[in-house]
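Reader: I would like to learn how to read a helix, its surroundings and its charged pairs from a set of atoms. Could you take me through the features one at a time?

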Amino acid sequence: MELIDPEMRVDKLKIPYYPTPYKVVKRMIQLANLRPQERLIDLGSGDGRIPITTALIHDDVFCYGVELNQGLISIAEKRIKRMGLKERVKIINGDLFKIDLAKYDVITVYLTVPALNVLKDKFKDFLIKGGRIISHDYGIPGFKPILAEPVVEGGRRHFLYLYTVKSVH
């Protein structure tokens with residue numbers, strides 16, 4: 001897959017922006033098994049497709065994204081406004097490594113292995129408190145997913161990993 005724009009990355013660990021295909025997004029949302037009033041956060045949300053799509057599918061959850069790139073945030077915010085989702089979808093302009101995860105129930109990520117490794121301790125605490133994590137293409141180092149499955153889209157095989165408290169014990 002081609003990098004969309006070399007400037008669209010988190011400088012800290014050079015996390016590239018690759019938009020998650022919508023077929024993969026929809027399967028990630030299914031795996032999240034969201035319940036009413038839960039909060040989903042997408043770390044490195046890019047154009048906001050995961051929080052936006054989640055809000056369109058589930059009208060009883062709150063969706064957040066964290067993104068550093070102002071151009072991508074602008075794209076996401078325009079979509080959110082156009083779709084009338086401002087009350088349930090928020091994009092946070094911030095560093096995904098510094099976000100307090102305590103108020104969320106589900107985390108979605110499409111991050112590099114080095115980035116996942118940096119977040120591993122935060123993820124462990126999150127999972128122990130009952131959270132769920134769905135990771136696209138890369139497993140969290142040292143954790144055992146309760147589910148790992150391929151999703152084929154556009155001739156490419158993507159992998160999704162689901163983590164719960166059982167993943168860290």
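Author: Please keep in mind throughout that this is a predicted model. Let us begin where a helix begins: at the start of α3, a side-chain oxygen of Asn69 reaches to within 2.9 Å of the backbone nitrogen of Gly71.

Reader: Which residues of α3 are buried?

Author: Burial is judged from relative accessible area, with under 20% counting as buried. By that reading Leu72, Ile73, Ala76 and Ile80 are buried in α3. Viewed down the helix axis, the buried residues of α3 fall within an arc of 100 degrees, and therefore they line one face of the helix.

Reader: What covers that buried face, and which exposed residues does the face turned away from it carry?

Author: The cover over the buried residues of α3 includes the helix α2 (49-57) together with the strands β4 (62-67) and β5 (89-93). On the face turned away from the buried side, α3 carries the exposed residues Lys78, Lys81 and Arg82.

Reader: Where should I look for a positive phi in a residue that is not a glycine?

Author: Asn33, which is not a glycine, has a positive phi of about 50 degrees, and its place is in the loop between α1 (22-32) and β3 (39-43). With a relative accessible area of 48%, Asn33 is partly exposed. Asp137, also a residue other than glycine, has a phi near 75 degrees and lies in the loop between β7 (132-136) and β8 (147-153). Asp137 counts as buried, at 12% relative accessibility.

Reader: How many salt bridges does a search of the whole structure find, and how should I read one of them?

Author: Side chains of opposite charge can pair when their charged atoms come close. The search of the whole structure finds six salt bridges. In one of them the side chains of Glu149 and Arg27 meet, at 2.5 Å from N to O. That pair links distant parts of the chain, since Glu149 is in strand β8 and Arg27 in helix α1, 122 residues apart. Glu149 counts as buried at 16% relative accessibility, whereas Arg27, at 24%, counts as partly exposed.

Reader: Which residues do salt bridges with shared partners join into one network?

Author: Such salt bridges join Arg35, Glu38 and Arg132 into one network. Within it, the side chains of Arg132 and Glu38 meet at 2.6 Å, N to O. Because Arg132 lies in strand β7 and Glu38 in the loop between α1 and β3, this pair ties together parts that are 94 residues apart in sequence. Both Arg132 and Glu38 are buried.

How values were computed: Residues numbered from 1 in each chain as written. Predicted model: local features only at pLDDT ≥ 70, side-chain atom pairs only at ≥ 80, totals over all residues. Heavy atoms only, no water. Buried < 20%, exposed > 50% of the residue type's maximum accessible area, 1.4 Å probe, protein only. Helix = DSSP H or I, 4+ residues; strand = E, 2+ residues; numbered from the N terminus. Arc of directions from axis to C-beta. Contact = heavy atoms within 4.5 Å. Polar contact = N/O pair within 3.5 Å; in protein donor to acceptor, adjacent residues only side chain to side chain. Salt bridge = Lys/Arg side-chain N within 4 Å of Asp/Glu carboxyl O.
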